[in-house]
Amino acid sequence: MTFDEYNDFCRSLPATTYVVQWGGAHVWKVGGKVFAIGGWEKSDQPAFSFKTSELDFEILRDEPGYRPAPYLASRGFKWIQQYEVPEGGQELLEYYLKESHRLVSLGLTKKLQRELGLNQSQ
């Protein structure tokens, strides 16, 4: 996935905002909270970091192409970085970005979730 594809996908998720910060990283937020970071890899390949569930963190941390996200995971946060594209990588990355968006949005206040039209039962 290129940065353009990553940005287009994150832009398609509900109630998102985009900012470039932390040395040029492509940062996506929902309700003002970060759910995805594109950048932070020293090679010429894009790297993408995202919040995960505890179970996904334990599974992905040892999978090829994934690692605990630099800086975030070392501070106890359940964030993973995809730094190489594994088999089926783009589809998996899209799944994990969407899941990260969901996890972060669930951490917002109920009032803010309602204002943003997120997580509303039908």
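Which helix holds Lys 110? Keep that in mind while you set up the view.

**Colour by confidence.** This is a predicted model. Mean pLDDT for the protein is 89. Of its residues, 92% reach 70 or more. Look at strand β3, where confidence is highest, at 96. Then go to strand β5, residues 66-68, where confidence is lowest, at a mean of 92.

**Select Lys 110.** Lys 110 sits in helix α4, which covers residues 110-116. Is Lys 110 buried or exposed? Its relative accessibility is 57%, so Lys 110 counts as exposed, the cut-off being over 50%.

**Move to the largest nonpolar core.** This core has 22 residues. Select Tyr 6, Cys 10, Phe 35, Ala 36, Phe 50 and Leu 97, which have the most contacts inside it. Next, colour the elements that give two or more residues to this core: α1 (3-12), β2 (25-30), β3 (33-38), β4 (48-51), α2 (54-60) and α3 (89-106). Which of them gives the most? Helix α3 does, with four residues.

**Zoom in on Cys 10.** Leave out residues up to four places away in sequence, and Cys 10 touches Thr 16, Trp 28, Phe 35, Ala 36 and Leu 97.

Methods:
Residues are numbered from 1 along each chain as its sequence is written. This is a predicted model: local features need pLDDT of at least 70, side-chain atom pairs count only at pLDDT 80 or more; totals for chains, interfaces and linings use all residues. Side-chain values use heavy atoms; hydrogens and water are left out. A nonpolar core is a set of buried Ala, Val, Leu, Ile, Met, Phe, Trp, Tyr and Cys residues joined through side-chain atoms within 4.5 Å. Buried means under 20% relative accessible area, exposed over 50%, partly exposed in between (1.4 Å probe, protein chains only). Contact means heavy atoms within 4.5 Å. pLDDT is the predictor's confidence in each residue, from 0 to 100.
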